[in-house]
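Here is a short briefing for a reader meeting this structure for the first time. Please look over the sequence and the model before reading on.

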Amino acid sequence: MSEEKEKISSRYDFWTPFYDAVDNFPLFSRYQRGWKKKAVKHLHASDGDRILDVGTGTGQLLPWISKEFEKGSVIGSDISEKMVEKARTKVDGTDDLKIEVVQDDIEDSSFPSDHFDKIIATFAFTTFPNVDKAASECARILKPDGKMIVLDTGKPEKTHANILFYPMMVSAKIFGRTHMDREIKKELSEYFEVKTLEKNMLGMVYTLKCKLRSD
Ligand SMILES: C[S@@+](CC[C@H](N)C(=O)[O-])C[C@H]1O[C@@H](n2cnc3c(N)ncnc32)[C@H](O)[C@@H]1O
C-alpha cells in the first residue's frame, strides 16, 4: 500500500468511533442526510441489482439502499479496516437481499469487471488519493449499461461563498485528508458521461449521474 493510502486508512481507522457522532452533529447532519438519502433514491434500485457503495465509511447508506428493493445484493467497500468492521454492525440482510461489507482499495479493486449494476459514492471521490485510478476502476467494475451516482463537494460558483468554503476545505484536508476543491466532474468525464442532477450550497455540494462513455 502506498504511503498516502496507509495514511488515509489509519486516519479513517482513527475516526471510526467518532465518525457517526460528527456526521450526526445537529444543523449540518440534517442537510447531509437529506443529500445522501436523495442520492440513494437516484440509484432507482430494482430487484436483481448488485449495488456497490464505494468508500462506504461506517456504512450509513447501506440500510437506506437495502430498503429500496427486495432481491439482489448491496456491498459496501472501504480501505479502512475499522470502518469496515463498524459498517458490518449496521447490516442485516435477508435470503433474497444479501448485504456485505468488504475491505477493498478502489484504486486497485478486487471486484471483477462488469460486475455491478449500480455504484454510489458519497463524499468519497474527494478522499480517494488518486481520482483517476478510482474512476477507471469504477468504470471497469460497472456493467456496460450500469450507472454511478456521485455526491461530493467542489468550489462554490459564487466567489463570495469562498468565505465559507475555504475554512471548510482546510479543516477537511487536515482532519480527513479530503480535497474538497477537486474537480470531480472533470476527472470522471474521462470515463463517464456525467450529468449534474442537483446542486446545493451554491454548488459546493452536488450530485452527479454517470454512465459509461460509449466512445
Ligand atoms: C469522507 S469518508 C465518506 C464515507 C461515507 N461514504 C459517507 O458519506 O459518510 C471517505 C471514505 O473513503 C474511504 N477511502 C479512502 N480511500 C479509499 C480507497 N482507496 N478505497 C476505498 N475506500 C477509500 C475512507 O476510508 C473513508 O471511509
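**Surface and overall build**

The protein exposes about 10900 Å², and carbon and sulfur atoms supply 52% of that area. Accessible areas come from the Shrake-Rupley method with a 1.4 Å probe; for residues, only the protein chains shown count as cover. This is a predicted model: local features need pLDDT of at least 70, side-chain atom pairs count only at pLDDT 80 or more, and totals for chains, interfaces and linings use all residues. Residues are numbered from 1 along each chain as its sequence is written, and side-chain values use heavy atoms, leaving out hydrogens and water.

**Fold**

- The protein has seven helices and seven strands, taken as DSSP runs (helices H or I, at least four residues; strands E, at least two) numbered from the N terminus.
- Along the sequence they follow the pattern α-α-β-α-β-α-β-β-α-β-α-α-β-β.

**Size and packing**

- The C-alpha trace spans about 50 × 40 × 35 Å along its principal axes.
- Of the 215 residues, 48% count as buried (under 20% relative accessible area).
- Among contacts (heavy atoms within 4.5 Å) with a separation of 6 or more, 70% join residues 24 or more positions apart.

**A closer look at Thr16**

- Thr16 lies in helix H1, residues 3–23.
- Thr16 is buried, as its relative accessible area is 6%.
- The side chain of Thr16 reaches the backbone oxygen of Tyr12 at 2.7 Å.
- Leaving aside residues up to four places away in sequence, Thr16 touches Thr58, Ser80, Lys82, Met83 and Lys86.

Conventions: Buried < 20%, exposed > 50% of the residue type's maximum accessible area, 1.4 Å probe, protein only. Polar contact = N/O pair within 3.5 Å; in protein donor to acceptor, adjacent residues only side chain to side chain.
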